[in-house]
Amino acid sequence: MTSLHGEFDFEHLVCSLLGSSELREFGARDAILGEWADANMFLGEAGRRARRGEDYVYVRRLPTTKPAGLDRKLFHERIHYWQSMSTPILQYGMILRLDRMKTAAHAKHASYKAIAGNYYAREDGRRVDDAWQQFQATFGTFSITEDMIRGGDQIDYPTATALLFTERHAVGSSQILPAYVALMAYEDPESVPTLLPLTAAPLLEGFAYASELLFSGEPIPRLTGDRSEEDERYLGCWEFWCRLHKHRYRNDEELTLGFLAAVDLALNADFFSSARDGEWVYEQRHIAYRFGKIVYRALGVDPLRVDGGSDAAVIEYQHALIRNSGWDPLSESLRKMAVCLAQTILFSSAYEQELTQVIGPIWRGLVERPLDEVARDPGRLEEAWSLIRERNLTGSPPIGRAVLCTMLEACLLRLMQPAWFALPHLHADELGRNLPLPIMVLDGHYYSSHVAPDWPEEFASSLITSAPSSFMEDIVALLAMSPLVRDDVSCGFLDNFVRCQYVRAGAGCPLKGLSPEESGVRTEHGLGSWCHWRYNAEGMQLVGAEAKVEPQPGPQHGQIVNNGTCSICRSADVPVMYRRFGLLARPEPSCPQCIYNFLVEPMRSAGRKDDPEYKVLEQFAKLRKRSFFKR
Amino acid sequence: MDPFDETQAMQYLQRDSQYLYEQLVPEHLRAGSLYSREGLAARGKQIFTTVLAETKPTICSEYALRKDTVRNSVDLMTLVGSVLLVAHVAVPIMPMAALVVKIGMDELCRGYSPTKQTDAS
C-alpha cells in the first residue's frame, strides 16, 4: 500500500502532496544544485523582486521520474482540478468566495478593487452572504436528525435502499432547502444503515474515486456492512446507484459509465435558471435534490448502452435524462455560467480607466441585460470573449482574475467536448494537456505540470490563453489572502498549514516571528518582511503605513521565554508564551490562575457561560489547578 | 471546540490513530478540500507534525515540571491539552492531546532538556 496521498483545495486550486519518506526523498532528489544552492538562488531572486515591489513564485516542472503510485494519486487530484475549473457549482463557489473577500476588504477600508468579483460585492454584503449560505447548504455534508426527514418509509427488510427527503437549513438563514439522503441497510443485522446526504461533496469524491479506479484498471468495490466513514464518502453514491440500477445493466462497464454520466449531469446545475416554480428551481440549483431526482428518473429511461463508443453513449444518456426531466439542455447552463464568468471578469477589469473605455461600447449589451438573454446571443458573447482575449488583461490584475479567465476557458472547453469531463479516465491526456494541474505543493516546493495548451484547431482562435505564470501567481495570491473569506487578515499559508517558499528557503515567517538565523537571512538578501502575504496585503492596502510592523528577531510561536513576574498572580519567573502571529503577539502567562483570569473570567463576565469554549476552558483551569499546580 | 470532560478524554484515547489524525484537520480546511483516499489522515499527520514542532518545547517543559503529579492518562491529556489551549494552536485540541499521549511523553521528550529553550530573546 502506497503512503502517497493528495489533497486538492478547490478554494485556492492548490494541490498538496502528502506522504512520508518517498515524497521527501523525491523533493530532495529534485533539487537542481542541492538544497542549499536552490534556497540561495530563490532568496537572491526574491530579494531583487522585493526591491521592485514584486512577489516571486518559483514553480518547477514536475520531473518525469516520480515515486511509484504518485501518478495515480495525481490523477485523482487532477480530476478534482478539472471539476473545479469546469463545473458550474465550483465556478459559482469561486465567484462567491471572491465576492466575500471583496466585501471584507471594503469593510476594512482596504482596496476592494484589488480583488476580482462583482461590483455590488463591495457594499451589498448581505446579498453576498445569502448566496454564500445557500451555496454552502447545497455543497457540504450534514448530519441527519429524525425531525428533518419527510415522508421516509419504514425500512423492515435487509439491503433496503431508499431516498429520504429531508429539509436542509441554509446556515444562518431561515430558508429551508430540500435534499435527498440515501438510506442503505446491509445484510448484517449488526450494521447500522448508511445515511448519506447526496450533496456535492460525496458526489465529487465518488466520481473522482470511480474514475481513478477505472484509470488504473481496477474494479470499483461495493459498500459492505463493516464500512468506514471514509468508505461511505468515496463509495456511498456508487453503492446507491448500483442498488437501484445494477439489475438493469448488461455489464459493469455500462453501469459505471451510467453512474459517471448521472453524477456529471447532477453537478452541472443551473444556478441562474429563471424561476418557473419552486420545484424547478430546486431541481436546477440544489445538488442533493437534483441527484436524487436523476437517480429515480433514470429508472424511467433506457440504460446506457455502449454500442457506438463511450463518448456518444454518455452524451445520449444525459440527453435522455434531460428529456425525461423536462430540463433545458446542458449547454444552456454552461453558456449562462460562461456569461457570468465573462461579466465578473469585466467587472473586475472595469476599474482600469483605459479598459473601461474599451469595455464601454459592449458594457450595455453584455452586463446590463439579463444573463440568460445574453447567453442566447452568441454575438455578444463572442464580442466579450474577443475583448478579454485581445486585451489579455495584463497590467496589475486583481486577485482571482486569472483564475476566472481559466475557468472561462474550461467552460468553453466543456461546451465543445462535454464527454471529456464526464469520462476523464478515457480523456486524461486531452484534459491534462488543456487543463494541467497548475500548482502542486510539496514541503515548501511548488511544482507544475503546465505545458502549452492544445486547443482543437477550429476553436483555437476564439479562446483566451492566460499566461501560466500569472495564473500561478494568482493562485498563490488567492491562497495567501484566503482568510479574508472569513473576515480574517492572517496569512492563508499559515491558516492552511501549507509551508511557503520563503519559509522553505530559511527566511522564516515574519507573521510568526523570526529566529536570529532567519532574521539574518532576510537581512542578507534584502527581504525585510517581504513574503507572498505581505506583497498582496500591501497591494490591497490592507497593511497601512501605520500598521507596518517590521519583524524583529524574537521568540517563535509557542516558545517559552522567562519573562519575569506574572502581572496577575505576581508569581516570579512565570513562563510566557507567544501567540501564533507575530503581529498580534502578546504575552500570556500559562499558570492556572492566569488561564482562569485571562481566559475564563472575561468570557464569564461577557455572559458567554453557555459557550462550549467557556466550558472547556473552565474545565481545563479546574483540572489543571487540582492536578498540576504543584511547583 | 467540543466541551471536555474525563469521559470524553477516555473516549478520545480509545479511538485509533487514523481517526484522531482525521479529526485534526480543521473544519474550514475540510470544507474547502477534496482528498484522495486516506488523504484526510495524511493531512492530519502533516498538521500534527507542524503543530508539534511549534509546541513540543512547551509540552516537554511542562511535563518535566509536573510529571510527578500525573496519576493517569487523563491527567496527562489534561496537561498536554492545557498547554495546547494556552498556545492557541489552530487545531482541535482533544485529538491532538490524545495523539501526543498515545505516542508517549517519554518517547516524545527524549533528549529534551528544560534549560535549552529559555534564551531565545
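What percentage of the 121 residues in chain B is buried? I looked this up before anything else. Buried residues make up 55% of chain B. I call a residue buried under 20% relative accessible area, exposed over 50% and partly exposed in between, with a 1.4 Å probe and protein chains only.

**Ground rules**

I am working on a predicted model, where local features need pLDDT of at least 70, side-chain atom pairs count only at pLDDT 80 or more, and totals for chains, interfaces and linings use all residues. Residues are numbered from 1 along each chain as its sequence is written, chains are lettered from A and ligands numbered from 1 in the order in which they are written, and side-chain values use heavy atoms, with hydrogens and water left out.

**Entry: the two chains**

I listed the secondary structure of chain B and found seven helices and one strand. Read from the N terminus, the order is α-α-α-β-α-α-α-α. Helices (H or I, at least four residues) and strands (E, at least two) are DSSP runs, numbered from the N terminus. Chain A comes to 25 helices and twelve strands. Of the 631 residues in chain A, 59% are buried.

I then took the contacts with a separation of 6 or more. In chain B, residues 24 or more positions apart account for 62% of them. In chain A, that share is 64%. Contact here means heavy atoms within 4.5 Å.

**Entry: α9 and α10 of chain A**

Two packed helices are described by the angle between their axes and the distance between the axes. I read both for helix α9 (residues 278–285) and helix α10 (residues 287–297) of chain A: the angle is about 95° and the axes are 6 Å apart. The axes are lines fitted to C-alpha atoms, for helices over the stretch in contact, and angles run from 0 to 180 degrees between N-to-C directions. α9(A) and α10(A) are therefore roughly perpendicular to each other. The classes are under 35 degrees for roughly parallel, over 145 for roughly antiparallel, 65 to 115 for roughly perpendicular, and oblique for the rest.

Which residues of α9(A) meet α10(A)? I noted Glu279(A), Tyr282(A), Glu283(A), Gln284(A) and Arg285(A). On the α10(A) side they meet Ile287(A), Tyr289(A), Arg290(A), Lys293(A) and Arg297(A). The residues of this contact divide into three nonpolar, one polar and six charged. Ala, Val, Leu, Ile, Met, Phe, Trp, Tyr, Cys and Pro count as nonpolar, Asp, Glu, Lys and Arg as charged, and the others, Gly among them, as polar.

**Entry: aromatic rings**

I searched the whole structure and got 14 aromatic pairs over all chains. Rings of Phe, Tyr and Trp (its six-membered ring) pair if their centres lie within 6.5 Å; planes under 30 degrees apart are stacked, over 60 edge-to-face, and the rest tilted.

Phe42(A) and Tyr502(A) have ring centres 5.3 Å apart and planes at 75°, so the pair is edge-to-face. Phe42(A) is in helix α2 (residues 35–51) of chain A and Tyr502(A) in helix α21 (residues 501–504) of chain A, 460 residues apart. Phe42(A) is buried at 6%, and Tyr502(A) is buried at 0%.

Tyr21(B) lies in helix α2 (residues 17–23) of chain B and Phe48(B) in helix α4 (residues 39–66) of chain B, so the pair ties together parts 27 residues apart in sequence. Tyr21(B) is buried at 14%, and Phe48(B) at 5%.

Back in chain A, ring pairs link Phe42(A), Tyr56(A), Tyr58(A) and Tyr502(A) into a cluster.

**Entry: single residues**

I looked up Gly39(B) in helix α4 of chain B. Gly39(B) is buried at 0%. Leaving out residues up to four places away in sequence, Gly39(B) touches His5(A), Gly6(A), Leu18(A) and Glu230(A).

His427(A) sits in the loop between α17 (418–422) and α18 (428–434) of chain A, and is buried at 8%.

Leu13(A) is not a glycine, yet has a positive phi of about 65°. I found Leu13(A) in the loop between β1 (5–9) and β2 (14–18) of chain A, buried at 0%.
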